[in-house]
Amino acid sequence: MGLLDGKVAVVTGAGGGLGRCYALALAEHGARLVVNDLGGAVDGTGSGSAMADSVVEEIRKAGGEAAANYDTVSTMEGGAAIVQTAVDAFGRLDIVVNNAGILRDKTLRKMDESMWDDVIAVHLKGAFAATQAAARRMVEQAEGGRIINTTSVSGLIGNFGQSNYGAAKCGIVGFTRVVALELQRYGITVNAIAPTAVTRMTEDIPSTPREFVPELVSPMVVFLASDLAKDVTGRVFGVHGPRICEYRYVMTPGVAKAEGLWTPEEISEKFADITRG
Ligand code: NAI
């Protein structure tokens, strides 16, 4: 018995890198897979079917069931078509891993509009488009579901030259927390992970340890996709190589002024107390 026997999973951007590893791991635990990938370069240019096809082939060779989808996640039609592929191939949908992503790094002053729009479209709108189509299907099925989104240290903490990517990835955290509240009553959990792994996206970044292979991230995705995590929702986990942690917001106790409005000078005077944890 696999943890995910009988389940149908979609992984977006599963033609390589982390998504490929997630798809293989989910299949290994019994899920039937839709392997979505647009098949382009790291910066989002180009497209093709070879990447998704090769992962479908790998899953089949290992004895699993998989179907390919080559639509972009960044349009409502694409999101709907990805979900439809699962329904057409396997009759249902239980798990979505929103993983597809691109990079167009530039400092704020040099970034042009298309760099901003394209990155927001793939990451943030892509998560919305696929999740909306999936949630509609899951609510109709009335058997719960699992949505796993992908954020990043860039959005949670910040990273030089990635205002577009960081904004999209932090937006995904807000999206995750709100949609988790909305879908809780249907038994659909919505969580986000911030991975760190060496892939084509990060191979040029010297601070990513070479031993952080993408396979290290997959067990957390399988856990969140399974019944073991049925009560885990609206949360953000870091999976940095072998280390798994949770990201939480911190609100300091703060200081309330007894009467009247604060003056800017009073705020300056009390600043250390206001920000003390
Ligand atoms: P990757 O470039 O190997 O994988 C991204 C995949 O998404 C590619 O296969 C690409 O073809 C696909 N894709 C791109 N645009 C698409 C679109 N519009 N529709 C469908 N598929 C599309 O990179 P990696 O590292 O595996 O990234 C996976 C996810 O993890 C991304 O969301 C990335 O931002 C995130 N991430 C990765 C980190 C890392 O350390 N590798 C760190 C933090 C976040």
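This report describes a ligand and the pockets of a predicted model.

## Ground rules

In this predicted model, local features need pLDDT of at least 70, side-chain atom pairs count only at pLDDT 80 or more, and totals for chains, interfaces and linings use all residues. Residues are numbered from 1 along each chain as its sequence is written, and side-chain values use heavy atoms, with hydrogens and water left out.

## Around the ligand

The ligand is surrounded by 31 residues, each with a heavy atom within 4 Å of it. Leu18, Asp37, Asn99, Tyr165 and Thr199 are the closest.

Arg200 has a polar side-chain atom 2.9 Å from a ligand oxygen atom. A backbone N or O atom of Ala197 also lies 2.9 Å from an oxygen atom of the ligand. For Val73, a backbone N or O atom lies 3.1 Å from a ligand nitrogen atom. The protein covers 97% of the 820 Å² of accessible area that the ligand has on its own (Shrake-Rupley method, 1.4 Å probe).

## Two pockets

A pocket is an open set of points on a 1 Å grid over the protein atoms alone, where a 1.4 Å probe fits, with protein on both sides within 12 Å along at least five of seven lines; lining residues have an atom within 4 Å of a point. The largest pocket holds about 980 Å³ of space. Of its 48 lining residues, Gly101, His123, Tyr165, Thr199 and Met201 are closest to the centre. The ligand takes up the space of this largest pocket.

The second largest pocket has about 150 Å³ of space. Its lining includes Phe128, Phe175 and Glu182.

Note on methods. A polar contact is a pair of N or O atoms within 3.5 Å; within protein, one must be able to donate a hydrogen and the other to accept it, and residues adjacent in sequence count only if both atoms are side-chain atoms. A molecule sits in a cavity or pocket if more than half of its atoms lie within 2 Å of its grid points. Grid points are joined across faces, edges and corners, and a volume is the space filled by probe spheres set on the points.
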